[in-house]
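Work through the exercises below with the sequence and the structure open. Try each task before reading its solution.

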Amino acid sequence: MAKRPLEGLRVADFSWFGAGPIAGNTFSTFGAEVIRVESETKVDSLRRVHPFAMNPDGTFKGGYNVSGYFNNFNAGKLSIQLNLNTEKGQEIAYRLIEKCDFFLTNFTPRVIDKWNLHYHQIAKVNPRIIAAYAPMQGMEGPHRDYLGFGAVLTPVTGISEMSGFPHRPPFGVGTNYPDYVINPGHTVTAMLAALRYRNRTGKGQCIELPQLESVVNTLGTAVVEQLANGTNPSRTGNRNPNAAPHGAFRCADDASSVGSPDRWVVIACRDDAEWQRAAAALGHPEAATDPRFATFAARKQNEDELEALINSWTRPIKAEEACATLQAAGVPAGVVQNAQDLLEKDEHIRSRNYYQYVEHPEAGREAHDGPAFHLSETPGYIAGPAPLMGEHTMDVCERIIGLSMDEIADLLADGVLI
Amino acid sequence: MTEQALAGVRVVEFTDEVGSYCGRLLADLGAEVIKVEPPGGGRQRNSAPFLAGYEGNPDASLAFWVHNTSKKSVVLDLESEDGRIAARKLALSAEVVLEDNPVGYLAARGLGYADLHAAKPSLVYTSVTGFGQTGPHANWAYTDIVGQAMGGIMTLAGEPADPPNMIYGHQADVSASIQAAQGTLIALLHAEATGQGQLVDVSAQEAISMSQETAMQTWDFQKKNRVRMGGAGGLPIAIPGSGTLKVKDGYIVLYIIAPAGGDLPDLVDWMREEGKAGDLDDEPYKTLIANLNMGWLTQLMSTPEEAAKYIPLLPHVNELISAFFAGKTARQAYEEGQERRLLVGIVSTPKDLAENRQLRERGWYVSLPEAPAGKPVEFPGPPYRLSETPAIITRPPRLGEHTAAVLAALA
């Protein structure tokens, strides 16, 4: 395998759940040595939730090592168990940080207080460290200690208010959405920028990424409309002020889509030409000249009718067929794909080798999200399975931290390496 | 003056909706980002909403503003020979070229990766498109909702009775741009260390796919599709202390029965203090309240006679909790609930965010002169704070504002 671009760098990954570990995962994919610090005294909940790998008899496998949720975000990392509630545990943490280029955490400021892992504390042992803190609200401020996780962040950041249909309450988007790309992606961006500064000056620094600020930064124009125009916009379903039609339209049911037989195609027409091509491709060229729909303004004014009409066209057609027909006519369209589509039917994503498979000692063969950016000369790849809980405790203590076997034995006896 | 993290890096971008937020991230971190725009501006420049009073003005599109801060703007017509010559010269003066055009568009104009890389081997060339540079869909027409659909997140959002929901804010474009920023920086660091440039290929479909949460692994392990479950979350009955609630002036969400923070008895304490606990201190409710959490509920469901005893009590508890919160504003419920260590979230409207105490007291919002007339407007701050090399947001450029100066410096 080719040398990867972040080889030689080491990350002390003191994070948990989604946003922090995914940032560490990107470093691992591009060659850094990433050490997940964990403890039985505060187990990452993702180790304990579905989806679990299955046994051949159809039962679920058990234990800390078989959750696809955890494993997907921690590929190729090392895992050390360290009890940070003990003074000795904190001392070992400092010795590990001393040997690392990056420190990463998304624990709350309260926990960082308790574990003595603030930047001014760890920079004392390693002034070159690039330390990234990604708490929900920030390390300071009146809401510093507010409780939350991705599902709370979605409403608090405005995503819930702005997403979904206006006749429904703002119940969110079905996932802990900001945890997966926005927050880890911003974190890695800042860490890499800080690395460039360190390459040039030798100086480390502290990065604070309040998840609230990170997400509101990406919230389209909603807050700017309030700040600049004084309006208070709300959700408009699948519509878009610059396109019509713009939405998801129901196609023929497909019983082979497991548990998810209703099928939908999205269509977006950003100008009259796209609309004319869409109407023709779906067999109704006359609709493009119908005065109710002939111009953008008319389509906006009659959008309910327009959507009902398109639904009547797409309902008997297979979603894949509607999409292919529209795309052949140059109209932005896509199938509302589910995971079965993505893993088994989507030839395009397969041809690009996006999903990568690794053999995990307990979970078995498992799919991972591959790198979401392809580097032509120094590509990343899923280097290995996620670590078993504490799998590398000895290795990290001995090889990286430089502890003797006697010291390790004492730490084990004292309940520090649990 | 502080040196920024990306000082000395020139980025020339040929982007519209998909890649422009990537350029913004790099520009706010200190790169000199020069946006090459067609005469009249691209789609984003001409997108609603606009600054009030300037509808249709390409310098006043708020959609453009939010993805194009801190950049310079140069207008070049790539359909003309002169425009292409200038664009090539400009691109070769950069460390990074960033683009989001249909596959092959720039190559046909002498501005593709192969051409520019041959002329400047250290160049990082980042392409951000709907489906990437290779594969059977590489030439598909793309806009944000197409990426959200094909990337697998719409199928997870919405009521089962409705069409699947897209997430607001061009999230497939934003995801593609955030992935592109990481790839660009890794490639830039590699080029600075070795002199070797490369192509960074980003597909919006792939970029947002991680946001399927557990759907991908659920299929992989269990051959089940996760589907959209709407407000009820797929539960047959609402669970007290969870879900979206209507309050006096908006909505809140409760996750009180989640493992973090206080539990239902703490909420009942609060209700009692305000004289709104009703009969929740009496049996059989007292026992129910004391026990109710996710673990206990799961157990309950496996013992039918216990379930039959407790499940019928839930609607009354829900009613009292709803009535309690209905008398409060969303901000009161959020702030007082959180002060009591209860997991209460506010469904923030844009106005709530503009007035959010945490954001205000941290001084997160910045002030910029708006592009058409130069009056100060407030604007959301950066996603992160770097202690030594802060991100600095300056006003988005007017269309072609820097054409003369940039071209003169090239000559």
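Helices (H or I, at least four residues) and strands (E, at least two) are DSSP runs, numbered from the N terminus. Residues are numbered from 1 along each chain as its sequence is written, and chains are lettered from A and ligands numbered from 1 in the order in which they are written. This is a predicted model: local features need pLDDT of at least 70, side-chain atom pairs count only at pLDDT 80 or more, and totals for chains, interfaces and linings use all residues.

**Exercise 1. Give the strand order of the open sheet of seven strands.**

Step 1. Two strands pair if DSSP finds at least two bridges between them. The order is β12(A)-β6(B)-β5(B)-β4(B)-β1(B)-β2(B)-β3(B), and the pairing is mixed.

Step 2. The edges are β12 of chain A and β3 of chain B, each of which pairs on one side only.

Step 3. Take one pair inside chain B. Strand β4 (residues 96-99) and strand β5 (residues 124-129) of chain B are parallel and share four bridges. Glu99(B) has Ser127(B) in β5(B) as its bridge partner.

Step 4. Now take the pair that links the chains. Strand β12 (residues 374-375) of chain A and strand β6 (residues 198-203) of chain B run antiparallel, joined by two bridges. Here His374(A) stands opposite Asp201(B).

**Exercise 2. Describe the side of chain B that touches chain A.**

Step 1. Chain B puts 128 residues in contact with 130 residues of chain A.

Step 2. Helix α6 (residues 171-194) of chain B gives the most to this side, with 13 residues.

Step 3. Ala, Val, Leu, Ile, Met, Phe, Trp, Tyr, Cys and Pro count as nonpolar, Asp, Glu, Lys and Arg as charged, and the others, Gly among them, as polar. On this side of chain B there are 67 nonpolar, 41 polar and 20 charged residues.

**Exercise 3. Which strands pair with β2(A), and in which sense?**

Step 1. Strand β2 (residues 33-38) of chain A has six of its six residues buried. Glu33(A), Ile35(A) and Val37(A) point one way, while Val34(A), Arg36(A) and Glu38(A) point the other way. In a regular strand the side chains alternate between the two faces of the sheet.

Step 2. Strand β1 (residues 10-13) of chain A runs parallel to β2(A), with four bridges between them. Asp13(A) stands opposite Arg36(A). A crossover is right-handed if, with the strands pointing away from the viewer, the path from the first strand over the helix to the second runs clockwise. The β-α-β crossover from β1(A) through helix α1 (residues 19-29) of chain A to β2(A) is right-handed.

Step 3. Strand β3 (residues 78-81) of chain A also pairs with β2(A) in the parallel sense, over four bridges. Arg36(A) stands opposite Ser79(A) in β3(A). The chain passes from β2(A) through helix α2 (residues 68-73) of chain A to β3(A), in a right-handed β-α-β crossover.

**Exercise 4. Why do the buried residues of α14(A) line one face of the helix?**

Step 1. Helix α14 (residues 319-328) of chain A has Ala319(A), Ala322(A), Cys323(A) and Leu326(A) buried.

Step 2. Down the axis of α14(A), the buried residues fall within an arc of 95 degrees, so they line one face; the arc is that of the directions from the helix axis to the C-beta atoms. An α-helix has 3.6 residues a turn, so residues three or four places apart point the same way.

Step 3. These buried residues pack against β8 (264-268), α11 (272-281), α13 (303-314) and β9 (333-335) of chain A.

Step 4. Just after α14(A), Gly330(A) has a positive phi of about 80 degrees.

Methods:
Contact = placed C-beta atoms within 7 Å. Buried ≥ 20, exposed ≤ 12 C-beta atoms within 10 Å, placed from the backbone.
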